[in-house]
Amino acid sequence: MKHVDEFRDPALGQAALARIAALVPQAQRALGRKSVAEGGAPIKIMEVCGGHTHTIFRYGIEGMLPDDLELVHGPGCPVCVLPIGRVDAAIELARRPGVVFCTFGDAMRVPGSDASLLQAKAQGADVRTVYSPADALTLARELPGREVIFFGLGFETTAPSTALVVTEAALTGVTNFSVFSNHITIIPTLQALLDSPGLSIDGFVGPGHVTMVIGMPPYDLVAQRYGKPMVIAGFEPLDLLQSVAMVLEQLVAGVARVENQYARVVREGGNARAQAAIDDVFELRESFEWRGLGEVPSSGLRLRERYAAFDAERRYGLVARRVADPKACQCGEVLKGALQPWECKVFGTACTPETPIGSCMVSSEGACAAYYNYGRLSTVRRIPRTPAKEPAA
Amino acid sequence: MNDAHDDPATHPRFAQIERVRRRSGRVRQTFIDMAHGGGGKAMRDLIDDLVVGAFGSLGLDAGEDQARVGLEVLAQHGDRLAFTTDAYVVTPLFFPGADIGKLAVNGTINDLAVSGARPYMLSCALVLEEGLAVDTLRRVLGSMAEAARAAGVSITTGDTKVVPRGKADGLFVTTTGIGVIPVGRAPRSDRLRPGDAVLVNGTLGDHAAAILVARGELRLDAEIPSDYAALHGMVDALFAVTDVHAMRDATRGGLAAVLNELALASEAGVVVDESALPVRPEVRGFCEILGLDPVHMANEGKLVAVVPGDAAPRALAAMRAHPLGRDAAIIGHVRERGPGVVTVRTGMGGERILDMLVGEALPRIC
């Protein structure tokens, strides 16, 4: 298939892998680090975006990388970082009489305190999967007697389309439509991550589709203030391999820059119209709760006062509630890259895609789901074999 | 006493009425109503007109509550019966390439065929929602008759129920089938052996893509016809050239579900070569846009056959020589490593797990 197969070419893939294998020891030397075999630490590169996590596992890339390179899976899966309190609020909205609650399919199975949207639907709530916020607005027009609420999810990638739909609803006088906004922003989150103590990430593969909207300059602080290389990457396997190689090249050269591997889509300044749409409809919340990361200042988007009529939170008087994650769940550590999915106590046993405890096991972009669904055979080789416990005497 | 003269039954007027009463019934309404399931005359009209009208020439005996089959007739064809049932609840009822009726006949035939059986006869149970257009039912039954005739199976018994509006989705069809397994054929899910080859008879995901496009929710323009087909003829062609260790039709859950079930039942590993999977370009494009994977998508005319490794070339040739196997391919093999686990060699040269989905495939956000 044109425009797809070129980016999955096996020969080019092998060449990129060979280049990565050659660059890793050079990068380790440049960082003054021993190899893993000699007791050193691997090079750790975080892919921020869940779409990249998905690509890595979908194409079996993890298993082809050298042992001295570790990809750490970041917090860029919007469904995974949704805190339980917000899922509960979504379910509360969906259960209101007269409400039609529209959501992207990913969010259907995310567990709240005692149910998911899928279970709420089974119990009678009118929850519908849509493919874009425009579908939800169309539904509002088709069902004038009902209240249609759209579950706004995602980073700056999806925020513009939500914004445009709100603008259109306002212009055309649709009164039975509102948005439950859980839109989030990438930069404050990256900053919170970089500020978290004990972070041992050597470089970043940056989110291509978010950057298509916000442009390159916002990332400057990653390179300048924190001194970490960052390469904005596309989502095909070759995009990802090339980006990893570009991060390694920066490490070898001892520089930290923001580079654009995804130039066929990402422009330096981003998409001005999309930025204007976000700015017209949304404003930053003082703080927003992320699963695993806790409260992150200026990281969430809510509707501006002039669009209050379309803001489900104001319209239905939602009270923000914080609900603690289940005790056994270590999604927070996984999202920060502090723990690999298989190091979580409940991974693959109590927490599986059928019975997820944490959100990372739900979305196909979640690191745990990716490991479980695609990677559990190729990655177990990295897990030390511990002898079985002696039975208690 | 002059009984003959007094007996009103001999009155010409009465005889005239009786003649009309014995006429084959006809449904005059446009929509199904509750009376059509009430066990009275309206129901008899429905059965006479629509059901017997469609299946009368296919061996249906509407006069009895059961079909009767001579054992010696069955015994001519093999030494074991295969017996299966399936409920069909598809929305929309009609879609490019087929409809619920064709699925209900071919799906059950295929469930029989993958045991090696030659399908013999079907039953047909209908659940009708009050308000269903009679013409819709007529079309579906006509479609079932056409599919049964083409496949050479009879429809010999059935049942009809009507439920109040809102208690069903237009029309549900359940078919039960009986087939006879010829001596020596014994495909089983626990017979996978290291070295076996895994084959499919053609492109994956066509049916699921056709249904998703036909529902219109995605607003995608694509002409993707369903792949519905009765596979027993091709199964015969396959058994003519090789023993088949295991065979399944890849319906809901797609190829991934079938391979996982086989791998678990046999405690064998299965490796699939992603670049060998036959997928139509339209379906591939559809999947790329929605973030779906053809290996998880439903088919209605595709089967997975596991044959001894040395028989793979002739099994492939036999499939390809059949009209329903033109795009057949050897897609993988069975190995000892990773018992119970299915993996995919990706086009990039990596290897990953191929598991079943938890529920329906959910399109991703971005």
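1. Does A:Ser298 count as buried, partly exposed or exposed? At 31% relative accessibility, A:Ser298 counts as partly exposed, where buried means under 20% relative accessible area, exposed over 50% and partly exposed in between, with a 1.4 Å probe and protein chains only. The residue is found in the loop between strand S12 (294-297) and strand S13 (301-303) of chain A, and A:Ser298 has a positive phi of about 55° although it is not a glycine.

2. On the basis of the note: this is a predicted model, in which local features need pLDDT of at least 70 and side-chain atom pairs count only at pLDDT 80 or more, while totals for chains, interfaces and linings use all residues. Residues are numbered from 1 along each chain as its sequence is written, chains are lettered from A and ligands numbered from 1 in the order in which they are written, and side-chain values use heavy atoms, with hydrogens and water left out.

3. Two further backbone points concern chain B. B:Glu267, in the loop between helix H9 (254-266) and strand S9 (269-273) of chain B, also is not a glycine and has a positive phi, of about 50°; at 51% relative accessibility, B:Glu267 counts as exposed. A cis peptide bond, with omega of about -5°, joins B:Thr91 and B:Pro92, and B:Pro92 lies in the loop between strand S1 (80-88) and strand S2 (94-95) of chain B. As background, most residues other than glycine have a negative phi, and most peptide bonds are trans.

4. In chain A, four strands form an open sheet with parallel pairing, in the order S4-S3-S5-S6; helices (H or I, at least four residues) and strands (E, at least two) are DSSP runs numbered from the N terminus, and two strands pair if DSSP finds at least two bridges between them. Strand S4 (126-129) and strand S6 (177-183) of chain A stand at the edges with a single partner strand each, so one side of each is left without a neighbour in the sheet. The twist averages 25° from one strand to the next, axes being lines fitted to C-alpha atoms (for helices over the stretch in contact) and angles running from 0 to 180 degrees between N-to-C directions. Strand S3 (residues 99-103) of chain A pairs with S4(A) in the parallel sense over four bridges, and A:Phe101 stands opposite A:Val127 in S4(A).

5. Two helices pack on this chain A sheet, contact meaning heavy atoms within 4.5 Å. Helix H3 (residues 84-94) of chain A touches S3, S4, strand S5 (147-154) and S6 of chain A, and its direction makes about 170° with that of S6(A). Helix H6 (residues 159-171) of chain A touches S5 and S6 of chain A, with a direction at about 160° to that of S6(A).

6. The domain assignment of chain B, from an automatic or database source, gives domain 1 (26-181) and domain 2 (197-353), whose C-alpha centres lie 28 Å apart. In the contact between them, 20 residues of domain 1 of chain B meet 22 residues of domain 2 of chain B. The area buried between the two domains of chain B is about 1,700 Å², of which carbon and sulfur atoms give 62%; buried area is the accessible area (1.4 Å probe) that two parts lose on being put together, summed over both. On the domain 1 side of chain B, B:Pro96, B:Asn110 and B:Val114 lose the most area to domain 2, together 32% of what that side buries.

7. Seven strands of chain B form an open sheet of mixed pairing, in the order S8-S10-S7-S11-S9-S12-S13, and the edge strands S8 and S13 of chain B each pair on one side only. Strand S7 (residues 197-200) of chain B runs antiparallel to S10(B), joined by four bridges, and B:Val304 in S10(B) is the bridge partner of B:Val200. H9(B) lies across several strands, among them S7, S8 and S9 of chain B, and runs at about 150° to S8(B).

8. B:Arg352 deserves a separate entry. The residue has its place in strand S13 (residues 351-353) of chain B, and at 2% relative accessibility B:Arg352 counts as buried. Not counting residues up to four places away in sequence, B:Arg352 touches residues of chain A, including A:Phe57, A:Arg58, A:Gly60 and A:Tyr374, and residues of chain B, including B:Glu274 and B:Asp293.
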